[in-house]
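Work through the exercises below with the sequence and the 3D structure at hand. Each task is followed by a solution in steps.

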Amino acid sequence: MQPLFITGIGTGVGKTLVSAIVTEALGADYWKPVQAGWEDGTDTDTIQQLVQNPLCKVHPEVYRLQTPASPHIAARVDGVQIETTVIKAAMQTILATIGDKPLVIEGAGGLLVPLSSDVLMADLIKELTAKVILVSRNYLGSINHSLLTAAYCKSHNIEVAGWIFTDDYMQYETEIVQWSGYPSLGSVPKLSIVNQSSIQQQALRMRDELIAKLNH
């Protein structure tokens, strides 16, 4: 399976939650190549705590930046230059070790988050030739943010598998699917508790539809 890149319509929309569910559901490996900010733990740490499928392996970051900021700023503070070629080489090493097992890659923020002065997250996605899962959270304004994200993907030839929606503020999913032209891969309700049990429950609920649509 082509690597799956989890990105969102913005920050705080549930990318790590969705990454955990997709990783658990597919028996995939997980990898977040760029982490900015780790004082309170990293997304990689969170996935290790939430995913219990024995088939899944969590791979370390390529860039682990201390400052909780946009990656290009965090890298500048740490005196590091983020290079997509380095990330791509690391991905090739991972893919060589996992065979036919899927690889779930989690981005930072949305498509237009800068990794350096001239490289965006969207550029990294294209460099990795990954297929994108777009995460949209139901909140006031999410239709606009979702459709802008979809429009960017289309205009820049970024391959999109579909949407996964989170939260339950209002039911915007049907309109976003219709207007974007990208299918829904599933919806995650607002979870009162996020732990191994709730992640496994959502993964089991979504697994068959997710596999069917990703293999379509």
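**Exercise 1. Find how strand β1 (residues 4-8) pairs with β6, and name the partner of Ile-6.**

Step 1. β1 and β6 run parallel and are joined by four bridges; strands are DSSP runs of E with at least two residues, helices are runs of H or I with at least four, and both are numbered from the N terminus. Two strands count as paired if DSSP finds at least two bridges between them.

Step 2. Ile-6 has Glu-106 in β6 as its bridge partner.

Step 3. The model is predicted, so local features need pLDDT of at least 70 and side-chain atom pairs count only at pLDDT 80 or more, while totals for chains, interfaces and linings use all residues. Residues are numbered from 1 along each chain as its sequence is written, and side-chain values use heavy atoms, with hydrogens and water left out.

Step 4. The mean pLDDT (the predictor's confidence in each residue, from 0 to 100) of the protein is 94, and 100% of its residues reach 70 or more.

**Exercise 2. Give the strand order of the open sheet and its edge strands.**

Step 1. The seven strands of the open sheet follow the order β4-β2-β6-β1-β7-β8-β9, with parallel pairing.

Step 2. β4 (58-59) and β9 are the edge strands, as each pairs on one side only.

**Exercise 3. Which residues lie nearest the centre of the largest pocket, and how does its lining divide by class?**

Step 1. The lining of the largest pocket has 19 residues, with Thr-11, Lys-15, Lys-32, Ala-108 and Gly-109 nearest the centre. On a 1 Å grid over the protein atoms alone, a pocket is an open set of points where a 1.4 Å probe fits, with protein on both sides within 12 Å along at least five of seven lines; lining residues have an atom within 4 Å of a point.

Step 2. α1 (15-26), β3 (34-36) and β6 (103-110) each supply at least two lining residues; β6 gives the most, with four.

Step 3. The lining divides into seven nonpolar, eight polar and four charged residues. Ala, Val, Leu, Ile, Met, Phe, Trp, Tyr, Cys and Pro count as nonpolar, Asp, Glu, Lys and Arg as charged, and the others, Gly among them, as polar.

**Exercise 4. Locate Thr-129 and Asn-157, and decide whether each is buried or exposed.**

Step 1. Thr-129 is in the loop between α5 (121-127) and β7, with a positive phi near 45 degrees. Its relative accessibility is 51%, so Thr-129 counts as exposed.

Step 2. Asn-157 is in the loop between α6 and β8, with a positive phi near 55 degrees. Its relative accessibility is 66%, so Asn-157 counts as exposed.

How values were computed:
Buried means under 20% relative accessible area, exposed over 50%, partly exposed in between (1.4 Å probe, protein chains only).
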